[in-house]
Amino acid sequence: MERLFLSVLHTGITAGYLILAVATARLLLKKAPKGIVCMLWIVVGLRLLCPFRIETPFGMLPAQTKSFLEQAGNGSYLSQEPETMPLSQNQKSEANAFTAPKKQPAYSVTVAAAWVWLAGCTLMLAYLLLSWLRMKKRVETAVPAESQGIRFYQCGQILSPFLFGLAAPKIYVPFSVTGQDLLYVLKHEEAHKRRYDHVTKLAGYVLLAVYWFQPLVWAAYVLFCTDLELACDERVVREIGEGCKKAYSQALLSCSAARPSAPVYPVAFGEIGVKNRVKNILNYKKPGILIVAAAAVVCVIVTACFTTESKGSNAANIAPEGSLAGAKMQAESIQAGKTADAGGSAKLAGINDHITAWAEAYCGRQAEVIYRMLDQNGRKRMEDQGMLEGKHSFGWSSPWPWGSEEAEEQPNYRVLSVTDTSAVILYYAWTSDPHVTVWRQEISYRYSEKKKAIAVSDVSNDILDNIETAGQFYAAYPNGEISHTRMDYTFNGAGEALNQNGMLDSSWVFKKPDAAALYLLNISSDPALVKTEVLEQNGEAVVTMAFLKDGSSARVRMVRLFGEEHNIWVPKTAD
């Protein structure tokens with residue numbers, strides 16, 4: 001339940017930006033038809049209904065609040081310690097300097113908040129049900145009538161007219177409403193019925209019950225109900241003619257005198273916001289084409305910008321250095337490149353197959369495959385990272401370790417180690433420059449002998465795009481191996497495009513072997529963090545990188561990709 005609560009909490013927070021935008025647009029569209037403004041509130045409702053994230057180049061929503069959700073959700077994990085890859089004695093001594101974060105007990109603030117949220121939802125929905133039953137009982141004695149071709153019901157137990165019902169809503173009018181006032185009342189309630197406002201208002205209240213903790217959703221619901229009334233008023237004036245405005249306003253005042261306003265009443269339509277409605281009726285003029293067109297443009301802009309997130313905003317969701325995977329990075333680098341020997345264990349052989357299937361599905365963004373391989377905690381972990389949305393959407397925008405036509409020969413992943421409970425995988429994430437970034441991933445899982453399958457419970461990713469230590473360098477390039485990996489631009493198929501791009505730029509970074517090494521291998525270019533020395537010999541160069549942060553160093557061999565003519569330097573494994 002806490003996972004559902006966190007999802008609702010996050011949707012409520014992000015929808016708040018859209019509500020503020022619609023409220024602002026509402027002020028700007030005073031002369032526009034209120035029916036258009038109502039459509040914007042429908043968009044808000046759809047956003048609250050939709051837990052999925054959409055990325056566009058013009059999205060203005062902030063990035064997924066992963067850190068907030070993770071902190072809120074820490075308590076929802078099981079209280080047991082996470083399964084991690086067994087370390088050798090040497091690895092343990094290297095890892096002693098790092099401390100993995102502890103997980104909190106299962107009964108946490110998040111769990112308590114989830115129960116409070118559920119209690120609030122229950123009370124709101126109970127109020128809806130009681131209001132419905134109460135109103136149904138009140139109109140049981142209503143008698144049918146008809147006027148101006150509109151069928152309605154007269155009742156002595158009500159104070160003002162309203163539309164009530166869902167599948168077949170009926171208009172109920174007090175016996176006291178007669179004459180010309182009755183005509184305007186019936187036209188107004190019939191407008192509600194033809195616009196299906198009885199459905200949208202009820203749906204809006206149900207959403208309010210779900211997001212009762214968000215003050216902006218309350219404001220949106222009140223404004224939505226007000227705009228529904230204004231839209232119906234305008235429709236009546238358009239149908240009868242602007243000459244009816246004074247008489248219609250008088251009918252509205254007469255019907256509202258006996259009943260106080262109730263803007264959050266969920267089951268019927270009544271006379272709310274009478275003062276503003278009368279003012280709007282008296283000032284109403286049929287809008288011109290330019291006003292309608294401008295209002296439509298504003299609606300499109302608001303919808304496009306405030307229901308979508310900007311592309312690339314989720315890169316920060318990958319766990320930074322200092323996470324569980326990052327904390328053991330130096331210790332693991334000792335055995336990087338060594339894959340578990342599957343030949344001596346049928347169990348490990350089976351696990352190896354599942355790890356390969358995981359990595360391939362990860363590169364191919366196969367949401368359903370990833371979803372099936374995760375257990376409940378794993379799904380929550382990846383949903384909190386903003387990577388997984390149900391079973392139909394997985395992954396982020398570019399860069400990404402996409403598959404390729406040469407996937408079997410050169411897959412965009414490399415399995416470094418596999419044990420009974422965990423695995424370490426490298427992914428090679430591409431952009432169109434072309435440029436490749438290394439992601440280092442640790443997954444923890446349980447293997448079921450009965451099902452012959454793994455259930456992934458934890459996923460930690462480190463994006464190695466700003467390397468500042470030798471430990472990080474060897475974590476990204478185990479044993480300094482670059483040749484014949486996806487980081488080898490003479491091997492990965494991107495060298496020719498790299499060369500063509502460089503020929504168009506006279507100030508290109510690849511003219512110098514050390515600058516090319518830092519750029520292509522994703523090493524910090526800050527001279528306060530990394531110093532380089534270059535030794536050129538026989539048309540090649542060896543670049544030594546001194547990492548000033550911890551006094552470590554690493555070397556890489558640089559070669560000219562297409563000979564001396566273009567002076568394009570790319571990295572290879574150092575001898």
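Axes are lines fitted to C-alpha atoms, for helices over the stretch in contact. Keep that in mind as you look at this predicted model, where the axes of helices α8 and α10 come within 10 Å and cross at roughly 35°. The model also holds 15 salt bridges, and a few of them are worth a visit here.

**How α8 and α10 meet**

- Two packed helices are described by the angle between their axes and the distance between the axes.
- For α8 and α10 the angle is roughly 35°, with the axes coming within 10 Å, and the crossing is right-handed.
- On the α8 side, the contact is made by E229, L230, D233, E234 and V237, which meet N276, R277, N280 and I281 of α10.
- Sort those contact residues by type and you get three nonpolar, two polar and four charged.

**R277 and its two partners**

- Side chains of opposite charge can pair when their charged atoms come close.
- R277 pairs up with D233 in a salt bridge, with N and O 2.8 Å apart.
- D233 belongs to helix α8 and R277 to helix α10, so this pair links distant parts of the chain, 44 residues apart.
- Are D233 and R277 buried or exposed? Both of them are buried.
- R277 also forms a salt bridge with E229, where the closest N and O atoms are 3.6 Å apart.
- Here again α8 is joined to α10 (residues 274-283), this time across 48 residues of sequence.

**R194 and E239**

- Over at another spot, R194 and E239 form a salt bridge, and their closest N and O atoms lie 3.2 Å apart.
- Because R194 sits in helix α6 (residues 179-194) and E239 in helix α8 (residues 215-240), this pair ties together parts that are 45 residues apart in sequence.
- R194 has a relative accessibility of 43%, so it counts as partly exposed.
- E239 is partly exposed as well, at 40% relative accessible area.
- R235 joins in too: R194, R235 and E239 are linked in a network of salt bridges.

**How confident is the model?**

- Across the protein chain the mean pLDDT is 77, and 76% of the residues reach 70 or more.
- Residues 64-107 have pLDDT below 50, and the model gives this stretch 79 contacts beyond near neighbours in sequence.
- Residues 312-344 also stay under 50, with 84 contacts beyond four places in sequence.

Definitions and conventions:
Residues numbered from 1 in each chain as written. Predicted model: local features only at pLDDT ≥ 70, side-chain atom pairs only at ≥ 80, totals over all residues. Heavy atoms only, no water. Salt bridge = Lys/Arg side-chain N within 4 Å of Asp/Glu carboxyl O. Helix = DSSP H or I, 4+ residues; strand = E, 2+ residues; numbered from the N terminus. Buried < 20%, exposed > 50% of the residue type's maximum accessible area, 1.4 Å probe, protein only. pLDDT = per-residue confidence, 0-100. Contact = heavy atoms within 4.5 Å. Axes fitted to C-alpha atoms, helices over the stretch in contact; angles between N-to-C directions. Left-handed = near helix turned anticlockwise from the far one by under 90°. Nonpolar A, V, L, I, M, F, W, Y, C, P; charged D, E, K, R; others polar.
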